[in-house]
Amino acid sequence: MHLDTAAIRRGCPSCDIRSFRHLCGAEIDHFRSAAKAGGPLTVACTQQAAQFSGEACERPDGITFANIRETAGWARDGAQAGPKMAALLAAASVAIPDYPLVTLSSDGVILIYGRDEAAIEAGQLLADHLDVTVMLKQPQGVTPSAATVFPIVKGTIRNAKGHFGAFELTIDDYARPHPSSRDRFIFETPRNGALSRCDLVLDLSGGMPLFPAHDLRDGYLRADPGDPAAMLRAVLKARDLVGSFDKPKYVNFTAALCAHSRSERIGCHRCLDLCPTGAITPAGDHVTVNAEVCAGCGQCAAACPTGAAAYALPPADTQLHRLRAMLLTYHDAGGTQPVLLFHDGQHGDALIDALARHGDGLPANVLPCAVNEVTQLGLEAVVAAFAYGAAAVRFLLRARPLHDLTGLSQTIAMAGAVLTGLGFAGRRVATIEADDPGALDAALRAIEPLATVGQPATFRTVGKRRDLLRFALGELHRAAPSPTDVIALPQGAPLGAVSVNIEGCTLCLSCVSVCPTGALRDDPERPVLKFVEDACVQCGLCQSTCPERVITLTPQIDFRASRAPARVIKEEEPALCVRCGKPFGVKSTIDRVTAKLEGRHWMYPAGDKRLDALRMCADCRVITMNEQQFDPFAGTTERAPPRTTDDYLRQRDSKS
């Protein structure tokens, strides 16, 4: 392949760039010399990564590998791919922080759930390796084996939960067979609600999957019993699932930042709606993430408005550092109109490899960016990409995704609204659903040339997604073709304002007490409701808590919000205590309550001095009642006897 070392040096001016023809063979001594030197070392070859790692096993700094062959050099226009090669090398040099692990253990206890002899055959293949139990769903005419090697029972799985190493199944119609079964199984009297615990489940029932997004549930294997090859693959995979296994803890969760609920009022439920595996469940005022079940799609982190759920593979700020290095280096090396292609490793790498080996390869302006899951990317990544100079962004997906992609669709819709509002014409952000290299090639080459920002941003920031998004939006607004102060966003966006019906608001300030970010504020000195739009995450807690139902959410971006002071939504004259003069409430509310009670309630006859207690602060009210030996029933005809404990107990018993 052609190497444009001049372009690579322009993009990486501070690096020592050396090129070779056979570094893994005749020129291996050059690598050994470089490995002995200090400082970071990047090798632009992934095919021989094992050999290079072995040669430099004692190197304390390690080695970074970058693929510039299948992703750049092996292409129809590979001779023009020098800027892209520089970009890929720069992105590879960004250090990825370590991430936590979750250890799952299996003792090899497996339940094979089937309907006929295929399940028993699978059990026979696994009996020497695992602790097997076969459960047949409504078996018809299944002949017993001459010798019982493993238990065979019947039953129907009503409910399944758990994860690899700790599944729990609820079974109806459960029964063991009679030992005297002759030409077919004869079962004992069945019972419902039986529990079964196992490490693995091999589902050969041919029915509906036992779990949502079943392809993502570790330890749950499913195959069509009519497909012997698929069944054999599942059996071979199950055979090796014994012992302890580490998986990434994909999401770091901070409960204190969660805006799910307050005082049993539901606010934000984005992550609950998007999680394909059911790994996220409510837990009081916040949610909890089951790391053993989580499959790492990242939609919760991409949608979380407060940063309570943060993706760890890699963190959002590290992802932006990679985008920055890639796009700025591409421009410095002389590249133009870059198209950023986000893809995962399992599907995207294979498709790009096939396109390079058997087709025209990626276009020279298409920069592939491998991520763990494309659904982990939030609005901040897309906005930052355009601020850094991307012309277009594409997400490479399977033709038949493994799970629902609603979160990604919402991200694309929000990005489209932002870009359109700022004057970026054309189809800037979209998906490519392809399992065929030719389809990928056609989709990429059909992207029309699009203009980029005049001067790419160079910011490098760290922190939570919210801070990254705020900074990226500001930089994009600065360089946009047609800067606009306010842009409407789709429903569910994590940015926006609240609208309050002033006439119906009583300044009870319930909304202030539940706001998790301080976007709604009060003033301890006077009755006032303030709003800071830059802090609002559109969680909806204020809307669900407001007793008057006068609050609505307005998803939008106001680029002036970060510099704007708190805006007064409503302010009223305070009620002054008639005894001490201290402000203690809202005058209009106290007047309204007093007017409703005076002469209309038996405790407050018209003109009675008891009404003064309503116009006092809490302290003075207690003092006055004590001084005057205040009796609420004095002088009334509707005197009721005091209630005792027995009265409350009788009331409770009557309700139960």
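**Rings, a helix and a surface patch**

F167, F211 and Y220 come together as one aromatic cluster. Please keep in mind that this is a predicted model, in which local features need pLDDT of at least 70 and side-chain atom pairs count only at pLDDT 80 or more, while totals for chains, interfaces and linings use all residues. Residues are numbered from 1 along each chain as its sequence is written, and side-chain values use heavy atoms, with hydrogens and water left out.

**Aromatic pairs**

- Helices (H or I, at least four residues) and strands (E, at least two) are DSSP runs, numbered from the N terminus.
- F164 is buried, with a relative accessible area of 6%, whereas F245 is partly exposed at 31%. Buried means under 20% relative accessible area, exposed over 50%, and partly exposed in between (1.4 Å probe, protein chains only).
- F211 and Y220 also pair edge-to-face, with 5.1 Å from centre to centre and 70° between the planes; both residues are buried.

**Helix α15**

- How far apart are the end C-alpha atoms of helix α15? They are 21 Å apart, which agrees with the 21 Å that its 15 residues (465-479) should span at 1.5 Å a residue. The expected span is 1.5 Å times one less than the number of residues.
- Its buried residues include R465, L468, L469, A472 and L476.
- The buried residues of α15 pack against α9 (299-303), α10 (316-332), α12 (379-387), α13 (406-421) and β26 (551-558).

**T318 in helix α10**

- T318 is found in helix α10 and counts as buried at 8% relative accessibility.
- Setting aside neighbours within four places in sequence, T318 is in contact (heavy atoms within 4.5 Å) with V94, A95, I96 and P97.

- L236 lies in helix α7 (residues 228-239) and is partly exposed, with a relative accessible area of 38%.

Notes: Rings of Phe, Tyr and Trp (its six-membered ring) pair if their centres lie within 6.5 Å; planes under 30 degrees apart count as stacked, over 60 as edge-to-face and the rest as tilted.
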